[in-house]
Amino acid sequence: MRTLYTWVGIAAVVLFSSAGDVLLSRAMKKIGDVGQLRRQIGIFGVVGRILTSPVFFSGLACMALAFFSLLLALSWADVSLVAPASASLTFVTSAIAAKFLLHENVDRRRWLAALLACAGVALLAR
Amino acid sequence: MNLRKYLVLVAILIFGPLGDVFLKRGMGQVGAVTAAHWIQVIRAVFTPWVALGIGFLLVFFAAYLHALSWADLTYVLPATSLGYVVLALLSTYMLHEQVDLTRWLGILLVSLAVGFVTRGPEVTPRKQREARPEPALGAPVRSEP
């Protein structure tokens with residue numbers, strides 16, 4: 001039962017952080033290149049645009065949910081399982097979500113990079 | 001990609017791990033927080049290490065948003081996965097541990113990922129993103145001229 005709880009927790013972390021990443025990415029693409037925008041409307045203008053974006057806040061909310069799911073999962077299982085599993089799986093789910101929801105051009109190079117990062121982080125994050 | 005953009009990516013992979021390490025150090029001094037004494041978490045925010053950690057994480061988040069405004073998510077995530085290497089090195093340095101073979105292998109794989117993704121374009125052209133006709137299965141994928 002504990003194992004099931006642990007994996008449900010890890011799945012929640014992965015789903016919420018991927019959703020957060022996708023929403024933040026969509027919000028920032030809609031706002032536009034922050035560097036160029038800053039020269040046009042100033043830093044406060046840029047901050048204002050970000051803080052008035054509903055998509056940005058839904059992304060932020062997903063990130064917060066991912067954080068609390070991580071805390072929950074950590075109370076059920078060891079950090080040496082939860083941290084690498086959730087961090088590395090997020091690379092793959094985010095790549096899938098970015099391809100289908102953000103229509104990013106995820107070519108062979110990027111799949112390979114996501115899989116290598118996934119494996120590497122699984123070995124590192126203990 | 002220009003120098004400014006590379007600096008934003010470097011800021012992500014430096015300030016994220018620094019924030020984590022400072023938070024960990026600060027919370028180690030505060031000690032384990034129990035549910036009955038949750039108010040200690042609020043107090044912990046104002047201790048120097050934790051405050052510094054939060055400051056670094058805010059810089060990290062700003063740089064992350066900056067990068068997402070001009071690069072694809074599938075570029076930013078692998079390109080900044082080097083942050084996990086920085087975190088592993090910082091924590092082994094602070095805890096005086098040896099970097100074992102597993103970690104060296106992890107460092108190698110992450111570095112390969114960064115190498116692969118940064119040799120490609122950082123963003124999908126807007127036109128292609130917004131009105132992308134789904135290619136039929138098996139149809140050759142059009143490449144951008």
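Trainee: What pattern does chain B follow when it is read along the sequence?

Mentor: This is a predicted model, in which local features need pLDDT of at least 70, side-chain atom pairs count only at pLDDT 80 or more, and totals for chains, interfaces and linings use all residues. Residues are numbered from 1 along each chain as its sequence is written, while chains are lettered from A and ligands numbered from 1 in the order in which they are written. Helices (DSSP runs of H or I, at least four residues) and strands (runs of E, at least two) are numbered from the N terminus, and chain B has 7 helices and 0 strands. Read along the sequence, the pattern of chain B is therefore α-α-α-α-α-α-α.

Trainee: How many Å apart are the end C-alpha atoms of helix α3 of chain B?

Mentor: The expected span of a helix is 1.5 Å times one less than its number of residues. Helix α3 of chain B, residues 48-68, has 21 residues and should therefore span 30 Å. That expectation agrees with the model, where the end C-alpha atoms are apart by 30 Å.

Trainee: Is B:Thr74 buried or exposed?

Mentor: B:Thr74 is found in helix α4 of chain B. A residue is buried if 20 or more other C-beta atoms, placed from the backbone, lie within 10 Å of its own, exposed if 12 or fewer do, and partly exposed in between. Because B:Thr74 has 31 C-beta neighbours inside 10 Å, this residue counts as buried.

Trainee: Which residues of chain A is B:Thr74 in contact with?

Mentor: Two residues are in contact if their C-beta atoms, placed from the backbone, lie within 7 Å. Leaving aside the neighbours of B:Thr74 within four places in sequence, its contacts are A:Ala95, A:Ala98, A:Glu104, A:Val106, A:Arg110 and A:Ala114.

Trainee: Which element gives the largest share of the side of chain B that touches chain A?

Mentor: The contact takes 31 residues from chain B and 34 residues from chain A. Elements giving two or more residues to the side of chain B are α3, α4, α5 (82-95), α6 (101-118) and α7 (126-130). The largest share, 11 residues, comes from α6(B).
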